[in-house]
Amino acid sequence: MEQNQLNRYMNVCRANRMSNNTLVTYERSLTFLCSFLAERDKQLTDATAGDVNDFIVSHPEWSSVTIANRLVALRGFYDWAQEEELLPGKNPMRSIKAPKLHAKRNKPFVSADEVCLLKESRRTRRDGVAREGDLRDRCLIALIYDTGLRVAEAVSLNVGHVLHMDPERREFIYRGKGGSECSWFVTQPVYELLRSYLQSHPDPQSQNPLFLNRYGERLSIRSVQKMLNVRGKQILGKHLHPHMLRRGFGNAFYEASGHDIYATSQAMHHKSVETTQEYLAVSNDKLKSIMDTSMSKTWATASSSQDK
């Protein structure tokens, strides 16, 4: 019965178009709790607030962020179970508070000069021939930085996204985080690099994955993380992870737009400008200044229209 309830809840999450990463986190969190409760001869719907607290305490290795993510997953399940009238008692999550999280400022990102080095530096064998996957890796790095794609979105692209791209507009439509349909644009140099990469693709059919591993399967997020870490250490002498490329795009766009945080938020497909603020480490004073300037222009335009 417990597994049936878990499956039903995960189907609800999928119907709500949660991202694959979120689904994995939710299922993993609930599975961990199931195992913990089994040692107490309890099922998910029998858990009390004390059980959940003990569950969290039993994992001292979890960071505040991990705990917060686990609690979000559990809260979602128990809210659903309560609506479905599956709980014999109170909702155990009602009295549990998530740990306080402090927003990190000045998160590291990759600069334009560093991306150029990563894009242009070829990894070769001793005989001077390019290593397998070298063009793919350089193309992937350039694409993420150029568009601000999340790594999960980048590896989910198919050949058709590039094959059917208008060479003038250089736009492709992709269903991004949360299932929303988004437009992404690439610059001319990256478009040319993508077309060059397609020429080396073993099977450039529209429905096939754009980025492949050595076995001809879709490249995984973990493979991209490993690749970036290796290239970062070899070429830049530092650790790199995919989100540093996305942050790099955000900061570059922010500067190029004249510090327009609203345009940057839209380009990064954020639902909230506050999220963009954290990416860019924009202070509240700077955000207030931008809002004052933009809204002052809006009121001035509206006022002049009324005068006419």
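Analyst: Buried means under 20% relative accessible area, exposed means over 50%, and partly exposed lies in between (1.4 Å probe, protein chains only). Trp62, with a relative accessible area of 12%, is therefore buried. Phe55 is at 0% and so counts as buried, whereas Asn69 at 40% counts as partly exposed. This is a predicted model, in which local features need pLDDT of at least 70 and side-chain atom pairs count only at pLDDT 80 or more, while totals for chains, interfaces and linings use all residues. Residues are numbered from 1 along each chain as its sequence is written, and side-chain values use heavy atoms, leaving out hydrogens and water.

User: How many aromatic pairs are there by the ring rule?

Analyst: Rings of Phe, Tyr and Trp (its six-membered ring) pair if their centres lie within 6.5 Å; planes under 30 degrees apart are stacked, over 60 edge-to-face, the rest tilted. The count comes to 9 aromatic pairs. One of them, Tyr9 with Phe77, is edge-to-face, at 5.5 Å centre to centre and 90° between the planes. Both Tyr9 and Phe77 are buried. The ring centres of Phe55 and Trp62 are 5.5 Å apart with planes at 80°, so this pair is edge-to-face.

User: At what angle do helix H3 and helix H4 pack?

Analyst: Helices are DSSP runs (H or I, at least four residues), numbered from the N terminus. Axes are lines fitted to C-alpha atoms over the stretch in contact, and angles run from 0 to 180 degrees between N-to-C directions. H3 (residues 49–57) and H4 (residues 64–83) pack at about 150°, with axes 11 Å apart.

Methods: Helices (H or I, at least four residues) and strands (E, at least two) are DSSP runs, numbered from the N terminus.
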